Amino acid sequence: MSSVLTIRGGVPLSGRVTVRGAKNLVPKAMVAALLGSEPSVLRNVPEIKDVEVVTSLLQLHGVSVEKDPVTGDLTLDPSNATKASHTEIDAHAGDSRIPILLCGPLIHAIGAAFIPDLGGCRIGDRPIDFHLRVLREFGAVVEKTSNGIHISAPEGLKGARITLDYPSVGATEQVLLSATRAEGITELRGAAMEPEIVDLIAVLQKMGAIIGIQTDRTIRIEGVAELRGYDHSALPDRNEAASWASAALVTQGDIFVAGAAQHDMMTFLNTYRKVGGGMDIMDDGIRFYHPGGKLNPLVLETDVHPGFMTDWQQPLVVALTQADGVSIVHETVYENRFGFTQALSRMGAGIQLHRECLGSVPCRFGQRNFLHSAVISGPTRLTGTDIDVPDLRGGFSHLIAALAATGVSRVTGTEVIQRGYERFTDKLAGLGADFDLTGV
Ligand SMILES: CC(=O)N[C@H]1[C@@H](OP(=O)(O)OP(=O)(O)OC[C@H]2O[C@@H](n3ccc(=O)[nH]c3=O)[C@H](O)[C@@H]2O)O[C@H](CO)[C@@H](O)[C@@H]1O
Ligand SMILES: C=C(OP(=O)(O)O)C(=O)O
């Protein structure tokens, strides 16, 4: 039976939440442990679905994953890595996007990999062509099967000169995880430079890798024959932190986000300040609050780091429905990330979607059939409604809209939100939200 969250809106969220390790780093650091010849320890691990999925996939491949019952720290021992049954791996089809990153490490550890069909948020087509091209450039043989892909490297992986057509986060990580133990030197041009990627590089460097970042989106990796284990505390989840920041604005609340790190969120913090949000930046976290009065409309484009992160876009759009005037948001990372606005419109928001690029960043989606620009007119009163959660950030956005709305909302499909928000119902309860969760 799937659960139903019944939310009675109108209560400002107020109090303290803690964010732990980033969803966009932790599962990848777990995959990196496969490259070592001894155990690794990963700290600051959140209890989220993607961690469960990767734990299971690693265990199916003979990696022992032990969780400290008090701290939740993981010890990952790859010394008995082995092939896994395709049927058991296939049980994870559609769960997450991380399995594609197992390719390089599994080839290094056991010579071959079977990767099930990927999951992750349905916010665009999300092809894996860059990943497969990268792997082939390292010398891997890629065969598509009816339920996934099979990858091997009869001659081993060899360093390569690679240029990405777009600074893809996943493809950059694919290169890092494949190249560190490949024979020879790899030069990656057009790399993504998100903080989670830099943290993955830090993990690999602790293991013995030699990886240099240049100023022009180029990464150079000198392959090494063997890597050690690592001991690493994951960087905090800047996307969860930004979500709670938007929740404070939308509900006219006041939330201290313990663990939020200023350095990784500077672009978000500038935007938050321009909208009129209040913030106190401390060493151990950031207080986000609605200072009273009117919020300002904005013109905003999502982009790769250090631009405005696409995962911050959806919760912030809800805040813009409460700003005094017309805002424009141009989504340049995913072609289809505004589907969640349909529910907001049903709640009373004034949002129009356009195919044109309403912004100055050259975008891959212009003159095509993608509704990737939004014009938001505010402020609008939101009214409770029935919502089925479409994706991770869209789902969180619906929750905060429902929490601010007049009346009652019934939200289904909230399991999706657990992919990226640790114990979010406990956190909401701690912030004073008025809701019931049934059918768990
Ligand atoms: C688990 C994880 O870390 N997820 C993050 C990661 O996703 P993910 O790594 O999947 O995102 P990418 O950076 O790869 O995707 C960016 C763009 O490149 C395109 N693309 C990507 C790969 C490919 O082979 N071909 C291709 O065309 C995608 O369709 C998308 O339009 O980075 C995104 C962009 O910061 C974030 O929104 C996600 O939260
Ligand atoms: C798009 C996201 O995640 P994923 O890549 O895991 O689907 C997200 O975290 O907003």
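1. Helix α7. In this predicted model, helix α7 comprises the 13 residues 195–207. At 1.5 Å a residue, these should span 18 Å, and the end C-alpha atoms lie 19 Å apart, which agrees with that expectation. Just after α7, Gly 208 adopts a positive phi of about 115°.

2. Burial of α7. The buried residues of this helix are Pro 195, Glu 196, Ile 197, Asp 199, Leu 200, Ile 201, Val 203, Leu 204 and Met 207. Charged side chains are thus represented in the list, including Glu 196 and Asp 199. The elements that cover the buried residues of α7 include the helices α1 (26–32), α6 (169–179) and α8 (238–250). Strands β11 (210–213) and β13 (231–233) also belong to this cover.

3. Met 193 is located in the loop between β10 (185–189) and α7. Met 193 counts as partly exposed because it has 16 C-beta neighbours inside 10 Å. Apart from neighbours within four places in sequence, Met 193 is in contact with Val 198, Arg 217 and His 305. Gly 293, by contrast, is 100 residues from Met 193 along the chain, and the two C-alpha atoms are separated by 37 Å.

4. Helix α5. In α5 (residues 129–137), the buried residues are His 131, Val 134 and Leu 135. They cover an arc of only 95° around the axis, so they lie on the same side of α5. An α-helix has 3.6 residues a turn, so residues three or four places apart point the same way. The packing partners of the buried residues of α5 are the helices α4 (103–110) and α6, together with the strands β7 (141–145), β8 (148–152) and β9 (161–163). Just after α5, Gly 139 has a positive phi of about 100°.

5. Strand β9. Thr 163 lies in strand β9. With 12 other C-beta atoms within 10 Å, Thr 163 is exposed, because the cut-off for that class is 12 or fewer. Leaving aside neighbours within four places in sequence, the contacts of Thr 163 are Arg 189 and Gly 190. Thr 163 and Gly 190 are 27 residues apart in sequence, yet their C-alpha atoms are 5.8 Å apart in space.

6. Domains. The domain assignment divides the chain into domain 1 (4–19 + 236–438) and domain 2 (26–233). Domain 1 is given as two segments, with domain 2 placed between them in the numbering. The C-alpha centres of the two domains are 30 Å apart. Contact between them involves 16 residues of domain 1 and 14 residues of domain 2. On the side of domain 1 that touches domain 2, three residues are nonpolar, four are polar and nine are charged.

7. The chain as a whole. The chain contains 13 helices and 23 strands. Its radius of gyration is 22 Å, close to the 22 Å that the globule rule gives for 440 residues, so the chain is as compact as a globular protein of that length. The C-alpha trace spans about 65 × 50 × 45 Å along its principal axes. Buried residues account for 52% of the 440 residues. Of the contacts with a separation of 6 or more, 74% join residues 24 or more positions apart.

Conventions. Residues are numbered from 1 along each chain as its sequence is written. Chains are lettered from A and ligands numbered from 1 in the order in which they are written. This is a predicted model: local features need pLDDT of at least 70, side-chain atom pairs count only at pLDDT 80 or more; totals for chains, interfaces and linings use all residues. Helices (H or I, at least four residues) and strands (E, at least two) are DSSP runs, numbered from the N terminus. The expected span of a helix is 1.5 Å times one less than its number of residues. A residue is buried if 20 or more other C-beta atoms lie within 10 Å of its own, exposed if 12 or fewer, and partly exposed in between; C-beta atoms are placed from the backbone. Two residues are in contact if their C-beta atoms, placed from the backbone, lie within 7 Å. Domain bounds come from an automatic or database domain assignment. The radius of gyration is taken over C-alpha atoms; the globule rule is 2.2 Å times the number of residues to the power 0.38. The arc is that of the directions from the helix axis to the C-beta atoms.
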